[in-house]
Amino acid sequence: MKCPSCQNNGTRVLDSRPSDEGRSIRRRRECDGCGYRFTTFERVEKTPLIVVKKDGNREEFSREKMLRGLIRACEKRPVPLEKLEAVTDEVERELRNRGGAEVDSHEIGEQVMERLALIDDVAYVRFASVYRQFKDINVFVDELKDLLKRADRK
């Protein structure tokens, strides 16, 4: 590790401890040359997950984008942010555990809707209306009927 002060290559670790809820390691270091102390963080490098959109375009998976969509669907609903973050974490973890480098946007949307249906019916309908791009009222009514069937099974 290069010293940020004098650019010397020799540094030693003084202290290491878990950080960011165990997802990284915080290290205090000292330069062997000038004695300058500094902090570094070590994290697992994640391979990029590429989302294949409906039109065939590809973009890097954005956890923040998914969370923004969930927040918008749950606007003015009694759903805590922690629950939405948990949904985002679950979906991302499941996608990354599959092992593939690419995932269809359709699959992400379906996983989000599956979890959102268990949390809040109104938020589910809001998300579904944007995600599925309902073309007319009949498609919307069909979605509501499916939701009612699922509610009866609970």
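Okay, housekeeping. Because the model is predicted, local features need pLDDT of at least 70 and side-chain atom pairs count only at pLDDT 80 or more, while totals for chains, interfaces and linings use all residues. Numbering starts from 1 along each chain as its sequence is written, and side-chain values use heavy atoms, with hydrogens and water left out. Helices (H or I, at least four residues) and strands (E, at least two) are DSSP runs, numbered from the N terminus.

So, the sheet. We have three strands in an open sheet, in the order β1-β2-β3, with antiparallel pairing; two strands pair if DSSP finds at least two bridges between them. β1 (11-19) and β3 are the edge strands, each with a single partner, so one side of each has no neighbour in the sheet. From one strand to the next, the twist averages 25°, where axes are lines fitted to C-alpha atoms and angles run from 0 to 180 degrees between N-to-C directions.

Now the pairings. β1 and β2 run antiparallel and are joined by eight bridges; Pro18 has Ile25 in β2 as its bridge partner. β2 and β3 form a hairpin with five residues between them, and Gly35 in the turn has a positive phi of about 80°.

How many aromatic pairs does a search of the whole structure find? One. Tyr36 and Phe38 are stacked, at 6.1 Å centre to centre and 20° between the planes. For the cut-offs, rings of Phe, Tyr and Trp (its six-membered ring) pair if their centres lie within 6.5 Å; planes under 30 degrees apart are stacked, over 60 edge-to-face, and the rest tilted. Tyr36 is partly exposed at 38% relative accessibility, whereas Phe38 is buried at 7%. Buried means under 20% relative accessible area, exposed over 50%, partly exposed in between (1.4 Å probe, protein chains only).

Last stop, helix α1 (residues 63-73). Its buried residues are Met66, Leu67, Leu70 and Ala73. They cover an arc of only 120° around the axis, so they sit on the same side of α1; that arc is taken from the directions from the helix axis to the C-beta atoms. Those buried residues pack against α2 (81-97), α3 (105-119) and α4 (121-131), with contact meaning heavy atoms within 4.5 Å. The face turned away from the buried side carries exposed Glu64 and Arg72.
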